[in-house]
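Here is a short briefing to read alongside the model. Take a look at the structure first, then walk through the points below.

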Amino acid sequence: MEGKKINLLGKTLVQLQDLCAAEGFPRFTAKQICDWLYKKRVDNIDAITNLSLAQRARLNEIACIGRETPVRCQVSKDGTKKYLFPVLDGHFIEAVYIPEEDRATLCVSCQVGCKMGCRFCVTGQQGFHGNLSAGDILNQLFSIPEFGQLTNVVFMGMGEPMDNLDAVLAATQVLTADWGLGWSPKRITVSTVGIIPGLKRFLEESLCHLAVSLHNPIPQERLQMMPVQKAFPLNDVLALLRKYDWSGQRRLSFEYTMFRGLNDDLAHAQKLVDALKGLDCRVNLIRFHESPEAPFKTSMPSVIAAFQSYLNSHGVICTLRASRGQDIDAACGLLAGKE
Ligand code: SF4
């Protein structure tokens, strides 16, 4: 990205209107810039040919279109692709492209590293190095060759979305607004460990789907895995979620990674059913992907099947998420942004 110039990618229509007003450009110029940025997806200001030469020259002085091509792409034997992007000063983040029969999802990062320190997560063990801008987030979509195939985006890569909510909301606004890409919010899922102030704002301002990382229904045990439980206990998160209607377009899901001997027996399944009673939601079970950095093991397949069947037979829709990209460390919790 060029020096300290304003990055146009990721700017909302209102932000571009402010910029145009400050530069003395007509107000409609902001909409024109949006069209070129988001509909035509140009990667340089000179390509915005319906602006005057003087306007383009001025924009080039103060702004850029912060497109960065990935510096590496690893391809899994199952077709999953992991892209590495340079961001901030000398850091890298990863995005994972997951093609399926009827859809193609991109899992994007929103921070360099993460402050949440979940014990089982490679990103969490690396500490926090900075927030991505809305432009950095959108660049992960815009700068991969599969952009045209994408049907869904999930904010489940590196970082905690509610800890960088301004940028996440600006990026989802670009994705969903008619002046942006015009996607339905149903195509976007934002995940969180349950940071309540951010979550409240997200629930008021966004219609995107929500995925809450739950992983253990027993407070003392969850605290051992997820330090966030101390500041924002799961019960408080669930109480907040109960205030909203989940029977319409917006969907609520809970992520539950299966750790051998820690959270995978039927006592935990029963507590989970109790905790979610009355909430219109589903649970996604995730096989834990073992890594040298994390001292945990994944649950046996028969144990996962018994857990899933207990939930399904007790009124909680429960699916087992297919493991993708494990051979290239692209699976959940394995993103490290290592060059
Ligand atoms: Fe952060 Fe998510 Fe990893 Fe927890 S699991 S440390 S919130 S990236």
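The C-alpha centres of domain 1 and domain 2 lie 33 Å apart. Please keep in mind that this is a predicted model.

**How the chain is divided**
- Domain 1 covers residues 6-64 of the protein chain, and domain 2 covers residues 72-328.
- Where they touch, domain 1 supplies 12 residues and domain 2 supplies 14 residues.

**The area between the domains**
- The size of an interface is often given as the accessible area lost when the parts come together.
- Here, domain 1 and domain 2 bury about 1000 Å² between them, with 68% of that area on carbon and sulfur atoms.
- On the domain 1 side, the residues that lose the most area to domain 2 are Leu9, Tyr38 and Arg41, which together make up 49% of what that side buries.

**Contacts and make-up**
- Between domain 1 and domain 2 there are zero salt bridges.
- Two residue pairs are in polar contact between domain 1 and domain 2, counting pairs with both residues at pLDDT 80 or more.
- Helix α2 (residues 28-39) gives five residues to the side of domain 1 that touches domain 2, the largest share of that side.
- Sorted by class, that side of domain 1 holds five nonpolar, three polar and four charged residues.

**Around the ligand**
- Which residues surround the ligand? They are Cys114, Met116, Gly117, Cys118, Cys121, Gly124, Gly159 and Val193.
- This shell around the ligand consists of five nonpolar and three polar residues, with no charged ones.

How values were computed
Residues are numbered from 1 along each chain as its sequence is written. This is a predicted model: local features need pLDDT of at least 70, side-chain atom pairs count only at pLDDT 80 or more; totals for chains, interfaces and linings use all residues. Side-chain values use heavy atoms; hydrogens and water are left out. A residue is near a molecule or strand if one of its heavy atoms lies within 4 Å of it. Ala, Val, Leu, Ile, Met, Phe, Trp, Tyr, Cys and Pro count as nonpolar, Asp, Glu, Lys and Arg as charged, and the others, Gly among them, as polar. Domain bounds come from an automatic or database domain assignment. Contact means heavy atoms within 4.5 Å. Buried area is the accessible area (1.4 Å probe) that two parts lose on being put together, summed over both. A salt bridge is a side-chain nitrogen of Lys or Arg within 4 Å of a carboxyl oxygen of Asp or Glu. A polar contact is a pair of N or O atoms within 3.5 Å; within protein, one must be able to donate a hydrogen and the other to accept it, and residues adjacent in sequence count only if both atoms are side-chain atoms. Helices (H or I, at least four residues) and strands (E, at least two) are DSSP runs, numbered from the N terminus.
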